[in-house]
Amino acid sequence: MPEFNFNDSKNLLKKLTVKRIWNALKVVSSFQLSQWLQKPIQWGYPISVSFEPTTSCNLRCPECPSGLRAFTRPTGMLQKDFFKETIDDIHQHLLYLIFYFQGEPYLNPEFLDMVKYASSKNIYTATSTNAHYITDEVAKKTVESGLDRLIISIDGTTQDVYQQYRVGGNLNKVIEGTKKIVKWRKELNSKTPFIFFQFLVVKPNEHQLEEIKQLAKEIGVDEVRFKTAQVYDYETDPNQLIPNNEKYSRYKKGKDGKYKPKNKLVNRCWKLWHANVITWDGLVVPCCFDKDAMHQLGNIKNESFKNIWNNSNYKQFRTELMKSRKNIDICSNCSEGASVWKD
């Protein structure tokens, strides 16, 4: 589960019900029992689900399959009716819904309608955006949708630095879109959404950490979070993205001059017990590191989500990661548990 500050946590607590608390207890206890017995036991259903509004994106970020147009899976938009059917099936157990996997959510014209529907089910909702499509009208509708958390990616405080990672992006649009959200939150006397600036720390922008905190304060953003960058070819870092400040790097340089991940892989993964990802076209995949949906555990257009959560594919995947996680490709570059810092 993502981290929360005090005000954000209060909003999450309002979403708790007896069924959701009981479900969470079952999930936590089954994960702990699985570690003790060294075999996968799964009770309950996901506490958190990521639902992908679209794979389309307006930017061309160098370490993003969507930005690089490098997907082997099709590009498309999540359909509202399909989304509603799925939420109707799982909402009683689901506490946290992330409207994001790949792509830019605001490109889906039905995105905020889906947020509003999930909010009507008293589910905590969050999304991550590059904020290029937040007009005044969209900002008002965002606040009215009941969205609980808005993560705005802003990886620089000047255009020349920002565009080195957010290729094709316009920093001024990000800033103006953020200001519109802040304005409408005040005008509508709303406590939501809680607004984050998420700053992906890479070598070109690591000198602007203090500047982004000042900018956030001036605009009225609630919190800044610094995130480490996932680099696919991290051994040699051909795009020169790994920062010099090791605190904000997922990798460390060895004596041979090559980088390797800081985190040691252990044969367990909390995400496989409490969360999962659903693509725009209904594929169920283990986590957000499976960006191209290569590990398909089921398709909710063919069977119910609850059946998939306990099917043989899921059981086999949980078994494999408990035996030899290092052999699972999407786990090799995982930074779970050590990739975000709050300031």
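Predicted model: local features only at pLDDT ≥ 70, side-chain atom pairs only at ≥ 80, totals over all residues.
1. Start with lysine 141. Its relative accessible area is 37%, which makes lysine 141 partly exposed.

2. What does lysine 141 form a salt bridge with? The partner is aspartate 113, and the closest N and O atoms are 3.4 Å apart. Aspartate 113 belongs to helix 4 (residues 111–120) and lysine 141 to helix 5, so the pair ties together parts that are 28 residues apart in sequence. Aspartate 113 is partly exposed too, at a relative accessible area of 29%. That value falls between the 20% and 50% limits.

3. The structure holds 11 salt bridges in total. Another of them joins the side chains of lysine 15 and aspartate 148, with an N to O distance of 3.7 Å. Lysine 15 sits in the loop between helix 1 (6–13) and helix 2 (18–37), while aspartate 148 sits in the loop between helix 5 and strand 4, so this pair ties together parts that are 133 residues apart in sequence.

4. Are lysine 15 and aspartate 148 buried or exposed? Lysine 15 has 9% relative accessibility and counts as buried. Aspartate 148 has 2% and also counts as buried. Buried means under 20%, so these values qualify.

5. A further salt bridge stays within one helix. Lysine 179 and glutamate 176 form this salt bridge, with their closest N and O atoms 3.7 Å apart. The two residues are 3 residues apart in helix 7 (residues 171–187), so about one helical turn separates them. Lysine 179 is partly exposed, with a relative accessible area of 39%. Glutamate 176 counts as partly exposed at 30% relative accessibility.

6. Now look at strand 4. How many of the residues of strand 4 are buried? The count is 5 of the 5, across residues 149–153, so strand 4 is largely enclosed by the rest of the structure. Arg149, Ile151 and Ser153 point one way, Leu150 and Ile152 point the other way, and all are buried. In a regular strand the side chains alternate between the two faces of the sheet.

7. Strand 4 has a partner in strand 3. Strand 3 (residues 124–129) pairs with strand 4 in the parallel sense, over 4 bridges. Within this pairing, threonine 127 stands opposite leucine 150 in strand 4. A helix is part of the arrangement as well: strand 3, helix 5 (residues 136–144) and strand 4 make a right-handed β-α-β unit.

8. Strand 5 is another partner. Strand 4 and strand 5 (residues 194–201) run parallel and are joined by 5 bridges. Here leucine 150 stands opposite isoleucine 195 in strand 5. Leucine 150 therefore deserves a look from both sides: it faces threonine 127 and isoleucine 195, and its relative accessible area is under 20%, because it is buried.

9. Turn to empty space. Rolling a probe the size of a water molecule over the atoms shows where empty space is left. The second largest pocket has a volume of about 300 Å³. It is lined by 17 residues, and Gln230, Tyr232, Phe289, Lys291 and Ile330 are the closest to its centre. By class, this lining divides into 9 nonpolar, 3 polar and 5 charged residues.

10. There are 3 cavities of 30 Å³ or more.

11. Which residues line the second largest cavity? They are Tyr45, Pro46, Val49, Ile90, His93, Leu94 and Phe305. The volume of this cavity is about 40 Å³. Its lining has 6 nonpolar residues, 1 polar and no charged ones.

12. Last, a loop residue. Proline 74 lies in the loop between strand 1 (48–51) and helix 3 (80–90). Proline 74 is partly exposed, with a relative accessible area of 46%. Threonine 55 is 19 residues away along the chain, and the C-alpha atoms of proline 74 and threonine 55 are separated by 8.2 Å.

Note on methods: Residues numbered from 1 in each chain as written. Heavy atoms only, no water. 1 Å grid on protein atoms, 1.4 Å probe; cavity = no way out; pocket = protein on both sides within 12 Å on 5 of 7 lines; lining within 4 Å. Points joined across faces, edges and corners; volume = space filled by probe spheres on them. Nonpolar A, V, L, I, M, F, W, Y, C, P; charged D, E, K, R; others polar. Buried < 20%, exposed > 50% of the residue type's maximum accessible area, 1.4 Å probe, protein only. Pairing = 2+ DSSP bridges. Right-handed = clockwise from strand over helix to strand, strands pointing away. Salt bridge = Lys/Arg side-chain N within 4 Å of Asp/Glu carboxyl O.
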